[in-house]
Amino acid sequence: SPSYMLRRLLLVARPPLPIHARTALVPSLTHKIYRQTRFYSSEVRSSIRADAFFHLQEGRKALQSNKLKDAFNLFEKAGKLYEQAHDQIGHLQSLEARAFALFASGDMDLSISAMTRCLELARQSSEPTTPAMVGKLLHALGSMHSRKGEPQEAIKCLEEVWDMRSKAQDSSSNTPKQTWALGTELAHNYIKSGRLPDAIKILQTSCLPAAKDLQDKEKTFQALRTTASCLTKAGKHEEAVEHLRDALTFAHKYPSMKTEEWSALDELGNVQGQGQGAWTAALETYSQALSLARDMKDKGREMLALKNIGLAQARAGQYDVAMKHMQGSLAMAQQAGDSASEVQVLLAMGRMLTTMEQFEEAESCLKQAIELCKKSNDLKAQVVTYALLADISMLTHNARQARSYLHMAMDMCQNTKLREEPSSLRLTLGVLARVAMAENQTEEALKYLELCRDFDEKSKDFESQLTTYANLGKVYRELGRTQEANDALAKGMVLATMLKKDPNKEAE
């Protein structure tokens, strides 16, 4: 056609025709040619978008197959193509995918930086679909901060998403599934940052109703149990027991939830055992757990139930019966070749024998545990065992040996694998403080106790805080720092009241 011939002529002319020659060539077809070239441009853009989408999908497949380098290159190509096509949403999707590829490669800092940049561009975009995109990117960024171990940064992002969804008029952004996913992630970050009341609130008011709306029994059980765990950490043992009983009743309805039922019984026994003189209730609960484990023919859980029964009986002063249950648990662990469980039972037996003042037998159990830990390279259990051996040395008036054990534990705490295990270091510091107090090295004891206090306050470990404040009060008093002694003991009294313990006994 004439218009086709004219376009070919304009394209191949060398040198290019000047503008007046182009318009003079076929004046009658100028408007028609303009419309056709405009249509052609739209067609090209569609072709580029299709090509970009193909690269994006192939990149996602490569990412799922763990071909990270290929995925990153494909996402980069898709981004450039979307940019050529002036497709803002597609460009944002490719940037988001690149950030996820970086995260999968383990480069958390770079992936968070890439996701933050992507979020900034989304906020600047004028596209009508970008508010939903902003929420999606914020959620992804919050998850990245959470995985990196930055709960405060994660909370900022996730709370903004929560507010956006609360204000959204579109019900599709507030489905029970979305509420559950965001609510549980927010609750876990609240727990990590020590904001237990906020975690409890969101679990009770949002996550549990969402799980029930979904008619998802696993999620409902999880919400009840996580809430109970938070209540226990907050020192609200009675409320925790109620939630665990609800979880237990719920799991008992379904034959497929025997494992969940057993875990609820196990945790219920642990919580009941934290109450003053509540070992009778704990023993009954652990006995139910033992019966259930035997019905399930689960040797591992049967072994744990036997160990728990032994611990409960030991704390109730029934040492002979307790030892029989402990030995039964140990025999099952040895028969199964489960060295990790064997270590835990030996540690429990060591603690019990120490309480019974059978120090030689206790030391023998703990040294067996050390040998097993060395074979399995379980550094954390070694630290715990050395701390217990140090306790025995102190009780037998061998402070030098106690220090030797504790320095071995401290050296292990500097190991790379234990740097992110503050509980191991906290345990060692606590024993070092007791050693220093026994040797009347008050300044050294104070140094260790203040470190313990910082650990306990950060971890919200109220039981440990109580003991630390009592010891701090004693040490401050010996140093003549009366005001600080009074402050520490007053804080201990508050905690004792909250935990429903005898404050005079704890302070003593």
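Helices here are DSSP runs of H or I with at least four residues, numbered from the N terminus. By that count, His139 lies in helix 7, which covers residues 130–148. The model is a predicted one, and its confidence is worth a look before the details. The protein averages a pLDDT of 82, with 84% of the residues scoring at least 70. Residues 19–40 fall below 50, and this stretch has 14 contacts in the model beyond near neighbours in sequence. Where pLDDT is low, the predicted coordinates should not be read in detail.

Leaving aside neighbours within four places in sequence, His139 is in contact with Leu158, Val161, Arg165, Leu182 and Glu185. Two of these contacts, Leu182 and Glu185, are also listed among the buried residues of helix 9.

Helix 9 runs over residues 176–192. Its 17 residues should span 24 Å at 1.5 Å a residue, and the end C-alpha atoms are 24 Å apart, so the two values agree. Besides Leu182 and Glu185, the buried residues of helix 9 include Thr179, Trp180, Gly183, Thr184, Leu186, Ala187, Asn189 and Tyr190. Just after the helix, Gly194 takes a positive phi of about 80°.

Leu203 itself is buried, as are Leu196, Ala199, Ile200, Ile202, Ser206, Cys207, Leu208, Ala210 and Ala211. An α-helix has 3.6 residues a turn, so residues three or four places apart point the same way. With that spacing in mind, the reader can follow Ala199, Leu203 and Cys207, which are among the buried residues of helix 10.

What covers these buried residues? The cover includes helix 8 (151–167), helix 9 (176–192) and helix 11 (217–233). Just after helix 10, Gln215 takes a positive phi of about 55°.

Ring contacts complete the tour. The charged end of Lys217 sits over the ring of Tyr254, 5.6 Å from its centre. A second case of a charge over a ring involves Lys447, whose charged end lies 5.0 Å from the centre of the Tyr448 ring.

Terms used
Residues numbered from 1 in each chain as written. Predicted model: local features only at pLDDT ≥ 70, side-chain atom pairs only at ≥ 80, totals over all residues. Heavy atoms only, no water. Buried < 20%, exposed > 50% of the residue type's maximum accessible area, 1.4 Å probe, protein only. Helix = DSSP H or I, 4+ residues; strand = E, 2+ residues; numbered from the N terminus. Contact = heavy atoms within 4.5 Å. pLDDT = per-residue confidence, 0-100. Expected span 1.5 Å × (residues − 1). Lys NZ or Arg CZ within 6 Å of the ring centre and 35° of its normal.
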